[in-house]
Amino acid sequence: MKFILFFFISVTITAQTDYLRWEKKNSDYRKKAIIVEVESNNKNDFFSFILSNSQKVYKTVISDVDGENCPFYPSCSTFYVESVQTGGIIKGTLMFFDRFTRDLNIFRDRSIYYELPNGKLFDPISNYLLKPDKIKLKFKD
Amino acid sequence: MLYMILKKCFFLLLFFTSLIYSQTNYLSPENRKLFADYLYNQDDYLRAFDEYRIYLQTFENDTVKLKIGQMLIDMKRYSEAEDYLKMLFWGSLFSEEAKLNYYLIKYKTLLPRDFRSFTGQRLYYPEKYNIYVKKLEQISYFYQSYGNPDSTIMFETFNDDSLAFRKVKEFYYRKYYPEKKSVHWAAGLSAVIPGLGKIYTKNYSDGVTAFIVNGLCAYLAYSNFNAKHLTRGWIFTGLSALFYGGNIYGSIASANIFNAKLSLDLSEEISNFFSDKNFYIPKF
């Protein structure tokens with residue numbers, strides 16, 4: 001009888017697997033990073049060097065303190081650096097001022113952009129290179 | 001006494017009920033088919049397919065084979081669907097229907113150009129349903145980025161259905177004669193009045209913002225020069241020039257994006273419309 005009871009109880013205890021379902025888990029609420037590879041012939045010239053370093057200073061001193069407020073992806077500062085790297089200083093600067101005007105628009109029509117899961121509006125550099133075949137209207141992971 | 005009789009009755013009832021109940025074979029092929037038909041009507045194709053397959057191990061049934069073919073097409077399991085449909089190509093009442101569905105598979109897998117070269121071979125061609133194959137041929141033009149189809153043949157093929165005719169006509173004109181925005185016009189308009197090029201490409205709020213920003217910078221430059229603040233005046237002049245140039249550049253880009261969006265929206269609309277209509281292929 002004792003053996004049966006022992007057997008029964010031990011089987012019952014080992015059969016309980018619900019603790020696996022209810023055990024404590026460390027939640028990770030971090031959003032998945034979105035990385036877009038820019039198809040471009042990057043020009044690592046003098047202006048790109050100055051701008052990318054200025055962006056690092058801006059990110060550390062201002063952006064990190066102020067928070068990530070740009071509604072677009074990539075952000076305006078990244079857009080400027082990448083557009084200068086892609087199209088040169090003149091084209092890149094024009095692209096940036098156009099982007100900055102769109103950033104200033106408080107009545108922004110969100111429907112004209114593709115909205116990313118993190119709420120940012122997808123607005124890649126490739127759309128502004130004046131090459132219709134390079135335009136990306138949707139974000140593909 | 002009464003208690004004994006009731007007890008006997010109860011056990012007898014229990015015995016006979018369980019006896020009768022056990023005589024019913026719920027897993028018989030006929031019952032499987034009935035259940036599979038029910039699942040098919042509920043669009044539960046995955047389970048219906050399993051039941052039909054077991055049923056076919058016992059009975060030969062061309063209707064079931066055709067149904068399986070159609071279900072597998074819907075589940076995008078094209079090679080399996082082809083196998084089931086090919087069983088019906090010879091000596092079956094549903095030969096033509098199976099061939100038509102075979103063409104639907106070819107349409108879905110060979111889009112856009114190769115489908116018409118396939119139909120040109122007339123391999124297993126469904127003569128009875130050739131109008132549907134012609135419709136598929138015409139629809140395939142919409143998925144092609146080059147060349148113009150003969151509009152007369154296209155409209156004539158869909159002439160039997162008023163909605164289809166109207167939509168095909170609309171898609172045809174939108175695809176081959178799109179209302180694109182001119183990049184030169186966008187640039188020119190923005191050069192005359194900042195922001196007008198963006199309004200032309202239907203980016204209304206961006207256009208108004210560009211106008212305000214340009215106007216504000218120009219006004220600040222002008223007022224600073226008037227007040228003899230030359231440094232500030234030149235800073236705002238520079239900013240004004242950059243915003244002005246950026247706006248012209250942005251208007252050109254905006255026209256390009258507008259045109260790209262136009263063709264993307266149309267291709268999505270075409271794809272959704274013809275998929276919803278099962279490419280005008282009837283379900284048998």
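1. Before we look at which residues meet, here is the one term you need: two residues are in contact when heavy atoms of theirs lie within 4.5 Å. Keep in mind, too, that this is a predicted model.

2. Let's start with a pair of helices in chain B. Two packed helices are described by the angle between their axes and the distance between the axes. Here the pair is H2 (residues 29–41) and H3 (residues 45–56) of chain B, whose axes come within 8 Å and cross at roughly 160°. Angles over 145 degrees count as roughly antiparallel, so H2(B) is roughly antiparallel to H3(B). As for the hand of the crossing, H2(B) and H3(B) make a left-handed one.

3. Who meets whom between these helices? From H2(B) come Pro29(B), Arg32(B), Lys33(B), Phe35(B), Ala36(B), Asp37(B), Leu39(B) and Tyr40(B). Facing them from H3(B) are Tyr45(B), Arg47(B), Ala48(B), Glu51(B), Tyr52(B), Ile54(B) and Tyr55(B). Sorted by class, the contact of H2(B) with H3(B) has ten nonpolar, no polar and five charged residues.

4. Now pick out Arg32(B), which sits in helix H2 of chain B. Is Arg32(B) buried or exposed? Its relative accessible area is 16%, and buried means under 20%, so Arg32(B) counts as buried. Not counting residues up to four places away in sequence, Arg32(B) touches Leu27(B), Glu51(B) and Ile54(B).

5. Tyr52(B) is worth a click as well. Setting aside neighbours within four places in sequence, Tyr52(B) is in contact with Lys33(B), Ala36(B), Asp37(B), Tyr40(B), Val64(B), Lys67(B), Ile68(B) and Met71(B).

6. That brings us to the cores. The largest nonpolar core has 52 residues, and the ones touching the most other members are Tyr52(B), Ile68(B), Met71(B), Phe142(B), Phe274(B) and Phe279(B). Helix H6 (residues 95–110) of chain B gives the most to this core, with seven residues. There is also a second, separate core of 25 residues, which includes Val81(A), Val84(A), Tyr113(A) and Ala253(B).

7. Last stop: Glu137(B), in helix H8 (residues 130–141) of chain B. With a relative accessible area of 19% and the buried cut-off at under 20%, Glu137(B) is buried. Leaving aside neighbours within four places in sequence, Glu137(B) is in contact with Phe115(B), Arg116(B) and Thr119(B).

Note on methods. Residues numbered from 1 in each chain as written. Chains lettered and ligands numbered in written order. Predicted model: local features only at pLDDT ≥ 70, side-chain atom pairs only at ≥ 80, totals over all residues. Heavy atoms only, no water. Helix = DSSP H or I, 4+ residues; strand = E, 2+ residues; numbered from the N terminus. Buried < 20%, exposed > 50% of the residue type's maximum accessible area, 1.4 Å probe, protein only. Axes fitted to C-alpha atoms, helices over the stretch in contact; angles between N-to-C directions. Parallel < 35°, antiparallel > 145°, perpendicular 65-115°, else oblique. Left-handed = near helix turned anticlockwise from the far one by under 90°. Nonpolar A, V, L, I, M, F, W, Y, C, P; charged D, E, K, R; others polar. Core = buried A, V, L, I, M, F, W, Y, C linked by side-chain atoms within 4.5 Å.
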